[in-house]
Amino acid sequence: MVLASQAQHGMWITEMMHGGGTAYHMPFAMWFDGPLDRGAMLKACESVLARHPVLGCAFEDRDGELHLVPAADRPPVAFVRAADVDDLVREEIARPFDLGRGPLARFTLAEVGASRHLLLFVGHHLVFDGMSKDLLVRDLAAAYSGGPLPPLPMPYGAAATIPPEAAAYWHEHWRDRQTVVIDGVAGAARTAGRGETVLLDLTGEMSGWEGVGVTRFELFLAAVHALLFRYGNAEPAVAVAMSTRRPETREHIGLFATELPLYSAPTPDTTLAELAHDLRARLRELNRFRDIPAARAAGGIRPRPALAPVSISFRRRAADVDFPGLGLVAEWKMSNHMVRNVLHLQAVDGDDGLRLTLHYSPDVIGREHVERAGEHLRAVLAAGPGLRLADLPLPNAAPVPALAPVEAPVPGAAAGAVDGELVEQVRQIWMEVLRIEELAPDEDLYDLGGHSLTITQISARIRKRLGVEVPFDVFLDDPTVAGVAAAVSELRA
């Protein structure tokens with residue numbers, strides 16, 4: 001049993017509160033052509049599981065702290081003959097994970113034809129991230145070739161602290177942006193929902209920026225911010241996936257990534273190059289605090305599937321690896337058929353160019369707007385670094401609407417009369433956890449600086465002292481002493 005990381009804790013409680021569905025499922029398909037040795041491949045999968053113990057874990061809340069514990073069963077490694085591969089993939093992506101029992105990863109080797117196989121891995125994001133895909137392929141190839149694959153130690157367990165400078169940074173920089181305008185459509189996503197995708201090849205548009213002094217990622221990020229600004233978002237907010245790997249965790253499969261919001265405030269006269277350099281500086285500052293979740297450091301942020309309505313993951317793909325006698329085609333950008341915000345841009349940059357997948361919620365924005373946004377992004381990248389944002393070409397863009405803020409839900413009054421002694425017991429627990437000397441029964445937990453760890457600590461003390469397991473969603477519906485006390489009363493009845 002080891003202590004989970006702050007990023008794992010935040011993701012865990014978000015799923016427990018919102019019900020993530022497949023939003024945190026990470027599928028990865030590897031297609032093999034040639035005379036595959038089935039026994040060797042299945043053994044290679046087992047070797048990967050033995051090398052990376054996090055894949056055989058589950059998560060358990062113990063006294064308000066989240067721990068990784070051994071799963072009830074080993075991660076399955078199955079072989080099937082697939083009559084319909086599409087059905088198999090859909091079923092495996094949709095198959096739920098039990099975070100408390102595990103396991104949180106599974107392999108399925110499917111024989112599609114005499115010389116064609118699909119190896120499908122599905123892992124929960126709590127134990128797998130984007131860079132883990134490269135490590136998975138590399139370790140599978142080594143094991144399949146008969147090479148040694150020594151086990152790695154569990155990479156988690158360190159107690160988490162919030163440095164004062166990180167708290168100061170997020171108190172200054174945090175902006176609650178839940179609504180975004182995209183091609184004339186104002187939308188907000190409060191919960192993870194069904195997702196669809198639009199595919200783009202932006203290889204050609206990424207050229208022409210040589211000598212500007214920014215990376216390809218910074219260029220791409222600037223283009224997205226520029227497009228959002230031209231759509232009428234005065235201060236664009238984009239959540240950026242950032243690696244938290246260190247030299248000691250470079251070889252580990254697991255969750256070593258975070259998603260942090262990055263804001264900009266350009267003007268119509270700002271050029272693309274100027275915006276790119278501004279974002280480069282902001283990224284350098286943000287990078288100092290990449291190990292600290294914004295919600296934990298700032299406090300007062302309600303747990304939510306996404307910290308910004310638009311997000312980006314931009315990953316440089318590792319070099320191809322060799323499976324003796326086999327051809328390999330990997331699907332690096334598979335969809336889990338859900339999206340956690342209005343629009344997520346998943347870019348994979350390889351030697352063969354930049355491929356982009358636009359993940360969107362059709363319940364929030366129509367496909368025609370997303371397709372047009374993709375073409376607008378292409379036009380921004382092709383415009384060149386010296387062009388002012390006011391002059392960016394956006395052909396056939398929809399008119400910019402007035403952007404109304406999305407108000408946070410107001411806690412309702414606790415239903416029915418609740419025993420005053422019970423309210424006082426809950427109030428005392430809150431004051432202990434929050435380390436304050438006084439609070440009113442109707443004060444909002446998040447206004448008091450509460451966050452995900454606060455919720456689990458309050459729940460643990462209620463469970464221990466009052467003998468009741470309070471559902472986490474109570475802290476979304478009515479995050480007040482009165483609301484939680486009412487929930488405890490109902491559960492006791």
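## The second largest pocket

A pocket is an open set of grid points with protein on both sides within 12 Å along at least five of seven lines. The model described here is a predicted one. Its second largest pocket is lined by 24 residues, and S5, Q6, Y156, A158 and D291 are the ones nearest the centre. The space in this pocket comes to about 520 Å³.

Two elements, α1 (6-18) and β13 (257-263), each supply at least two residues of the pocket lining. By type, the lining of the second largest pocket divides into 13 nonpolar, 7 polar and 4 charged residues.

## Cavities

Rolling a probe the size of a water molecule over the atoms shows where empty space is left. A search of the whole structure turns up 2 cavities of 30 Å³ or more. The largest cavity holds about 100 Å³ of space. Its lining consists of I182, V224, L227, L228, Y231, L343, L345, L358, V370, A373, G374 and L377. Two or more residues of this lining come from each of α6 (216-230), β17 (343-350) and α9 (367-383). The most is given by α9, with 4 residues. In the lining of the largest cavity, 11 residues are nonpolar, 1 is polar and none is charged.

The second largest cavity has about 30 Å³ of space. Around this second cavity are T14, E15, H18, G20, A23, Y24, A192, P305 and R340. Its lining residues divide into 4 nonpolar, 3 polar and 2 charged.

In soluble globular proteins, nonpolar side chains tend to be buried together. The largest nonpolar core in this model has 88 residues, and the members that touch the most others are M30, L136, L140, W430 and F475. Helix α10 (residues 420-434) gives the most to this core, with 8 residues. Another core, of 70 residues, lies apart from the largest one and has V238, I301, F314 and L356 among its members.

What is M30 in contact with, leaving aside its neighbours within four places in sequence? The list is H117, L118, L119, F121, L136, V137, L140, L328, V329 and A330. Two of these contacts, L136 and L140, are also named among the core members that touch the most others.

## A buried aspartate: D139

D139 is placed in helix α4, which covers residues 130-144. Is D139 buried or exposed? Its relative accessibility is 2%, so D139 counts as buried; the cut-off for buried is under 20%. Not counting residues up to four places away in sequence, D139 touches V48, R51, H52 and L149.

## A partly exposed proline: P362

P362 is found in the loop between β18 (353-360) and α9. With a relative accessible area of 24%, P362 is partly exposed, because that class lies between the 20% limit for buried and the 50% limit for exposed. Once neighbours within four places in sequence are left aside, the contacts of P362 are R194, G195 and E196.

How many residues apart in sequence are P362 and P151? The separation is 211 residues along the sequence, and the C-alpha atoms of P362 and P151 are 43 Å apart in space.

Note on methods. Residues are numbered from 1 along each chain as its sequence is written. This is a predicted model: local features need pLDDT of at least 70, side-chain atom pairs count only at pLDDT 80 or more; totals for chains, interfaces and linings use all residues. Side-chain values use heavy atoms; hydrogens and water are left out. On a 1 Å grid over the protein atoms alone, a cavity is a set of points where a 1.4 Å probe fits but cannot get out, and a pocket is an open set with protein on both sides within 12 Å along at least five of seven lines; lining residues have an atom within 4 Å of a point. Grid points are joined across faces, edges and corners, and a volume is the space filled by probe spheres set on the points. Ala, Val, Leu, Ile, Met, Phe, Trp, Tyr, Cys and Pro count as nonpolar, Asp, Glu, Lys and Arg as charged, and the others, Gly among them, as polar. A nonpolar core is a set of buried Ala, Val, Leu, Ile, Met, Phe, Trp, Tyr and Cys residues joined through side-chain atoms within 4.5 Å. Buried means under 20% relative accessible area, exposed over 50%, partly exposed in between (1.4 Å probe, protein chains only). Contact means heavy atoms within 4.5 Å.
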